[in-house]
Amino acid sequence: MFLTLSLFFLSALIIYFACEYFVNGIEWVGHRLNLGATATGTVLAAFGTALPESAVTFMAVVFGSSPEQKDIGVGAAMGGPLVLATLAYAVVGLTLWRTRRTDSINADQPRLARDQAWFMGVFVFKVGLGLLVFAWKPWLALLFVGVYALYVKRELSNDEACLDCEDLEPLKLRPSDENPSMAWACVQTVLALAVIAGASHVFVNQIELLGIAFGASPHLAALLLAPVATELPEIMNALIWVRQGKERLALANISGAMMIQATIPSALGIAMTPWLLDAPLLMAGLLTLVSISILWIRFRSSSMSVTGLAGVGGLYGLFVLYLAWHFLA
């Protein structure tokens with residue numbers, strides 16, 4: 001148990017410090033590609049930090065030899081969006097309140113509302129598929145991949161002006177270089193991402209071992225523990241960017257990661273499993289949609305506040321209470 005706890009905290013610290021290098025490198029890559037803050041967060045940063053949870057789903061549904069192992073992949077595909085739609089946004093809200101003591105946020109709220117609308121449409125379709133049984137369901141996985149490709153195309157084509165150079169900190173691998181090359185920015189980003197992936201793998205393993213030690217079932221670990229663990233890089237990125245006064249990047253990263261979670265891991269689950277959702281999975285989907293509906297309404301009217309972001313975290317608390325009641329009843 002001591003070794004498990006030590007690895008748990010050590011891997012979490014490694015993920016945090018690696019994310020410091022990742023967000024710094026990805027900002028320079030976005031700057032070199034002449035991308036704005038929103039596209040840098042929704043496409044580049046989100047794609048990189050979504051790799052750990054996508055890898056968990058891939059390994060579970062492709063190489064899982066038992067229904068319990070495949071449950072981890074399906075649970076990650078359904079639980080990941082719930083964590084992002086509740087805890088990740090709440091972290092941004094709470095951190096903003098702690099650092100600024102203000103209720104206003106600096107973000108392109110109408111654009112974030114469009115992201116929520118895209119996610120909502122895909123997610124409703126994905127949950128609906130979990131209620132139906134038909135032979136050609138696996139082929140619909142291609143549709144989800146196509147939707148994500150269309151989303152990326154839209155983000156890049158509707159991007160705003162280049163990320164402001166004055167907001168960029170020096171590249172950590174080249175602190176004395178005022179204008180580092182794309183090659184150096186990519187090297188730092190890829191190396192940081194490799195460390196994040198490795199530390200995330202260790203972190204997930206320790207989460208599973210702690211779940212076993214405390215008597216948690218595989219289904220509970222799939223729904224509650226694995227998604228929180230695999231979404232840690234996005235949450236760490238949000239903390240770092242908010243601390244730097246860049247909540248636009250933090251919110252865009254969460255928004256883009258949600259679109260990946262609604263499409264790529266779901267495509268893997270739909271293609272490789274029966275994709276039939278039981279009551280806990282449906283509850284996760286329902287609470288995700290409730291949170292997204294709140295976010296969409298507030299972002300659409302440009303009325304989202306710090307307390308509003310923090311408030312959606314309560315929906316994850318409801319999910320925890322539901323799981324406790326469901327598995328202990």
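The structure is a predicted model: local features need pLDDT of at least 70, side-chain atom pairs count only at pLDDT 80 or more, and totals for chains, interfaces and linings use all residues. Residues are numbered from 1 along each chain as its sequence is written, and side-chain values use heavy atoms, with hydrogens and water left out.

- Helices here are DSSP runs of H or I with at least four residues, numbered from the N terminus.
- Helix α1 covers residues 2–32, which is 31 residues.
- The expected span of a helix is 1.5 Å times one less than its number of residues.
- For α1 that gives 45 Å, and its end C-alpha atoms are 45 Å apart, so the two values agree.
- N34 follows α1 and has a positive phi, near 60°.
- Helix α9 has 12 residues. From first C-alpha to last, α9 reaches 16 Å, close to the expected 16 Å.
- In α9, 10 of the 12 residues are buried, so the helix is largely enclosed by the rest of the structure.
- Among these buried residues are L232, P233, I235, M236 and W241.
- Just after α9, G245 takes a positive phi of about 80°.

**Salt bridges**

- A salt bridge is a side-chain nitrogen of Lys or Arg within 4 Å of a carboxyl oxygen of Asp or Glu.
- The whole structure holds 3 salt bridges.
- One of them joins E20 and R243, at 3.0 Å from N to O. This pair links distant parts of the chain: E20 sits in α1 and R243 in α9, 223 residues apart.
- E20 counts as buried because its relative accessibility is 11%. R243 has 48%, so R243 is partly exposed.
- R154 pairs with D115, and their closest N and O atoms are 2.7 Å apart. R154 lies in helix α6 (residues 141–157) and D115 in helix α5 (residues 109–129), so this pair ties together parts that are 39 residues apart in sequence.
- Both R154 and D115 are buried.
- R174 pairs with D177, with closest N and O atoms 3.7 Å apart.
- R174 is partly exposed because its relative accessibility is 32%. D177 is partly exposed too, at 22%.

**A buried residue: T288**

- T288 is found in helix α11 (residues 279–300).
- Its relative accessible area is 0%, so T288 is buried.
- Contact means heavy atoms within 4.5 Å.
- Leaving aside neighbours within four places in sequence, T288 is in contact with P81, L82, A85, F119 and F123.

**Cavities**

- On a 1 Å grid over the protein atoms alone, a cavity is a set of points where a 1.4 Å probe fits but cannot get out; lining residues have an atom within 4 Å of a point.
- Grid points are joined across faces, edges and corners, and a volume is the space filled by probe spheres set on the points.
- The structure has 2 cavities of 30 Å³ or more.
- The largest cavity has a volume of about 40 Å³.
- Its lining is made up of E20, V23, N24, E27, E169, K172, Q244 and K246.
- That lining divides into 1 nonpolar, 2 polar and 5 charged residues.
- Ala, Val, Leu, Ile, Met, Phe, Trp, Tyr, Cys and Pro count as nonpolar; Asp, Glu, Lys and Arg count as charged; the others, Gly among them, count as polar.

Terms used:
Helix = DSSP H or I, 4+ residues; strand = E, 2+ residues; numbered from the N terminus. Buried < 20%, exposed > 50% of the residue type's maximum accessible area, 1.4 Å probe, protein only. 1 Å grid on protein atoms, 1.4 Å probe; cavity = no way out; pocket = protein on both sides within 12 Å on 5 of 7 lines; lining within 4 Å.
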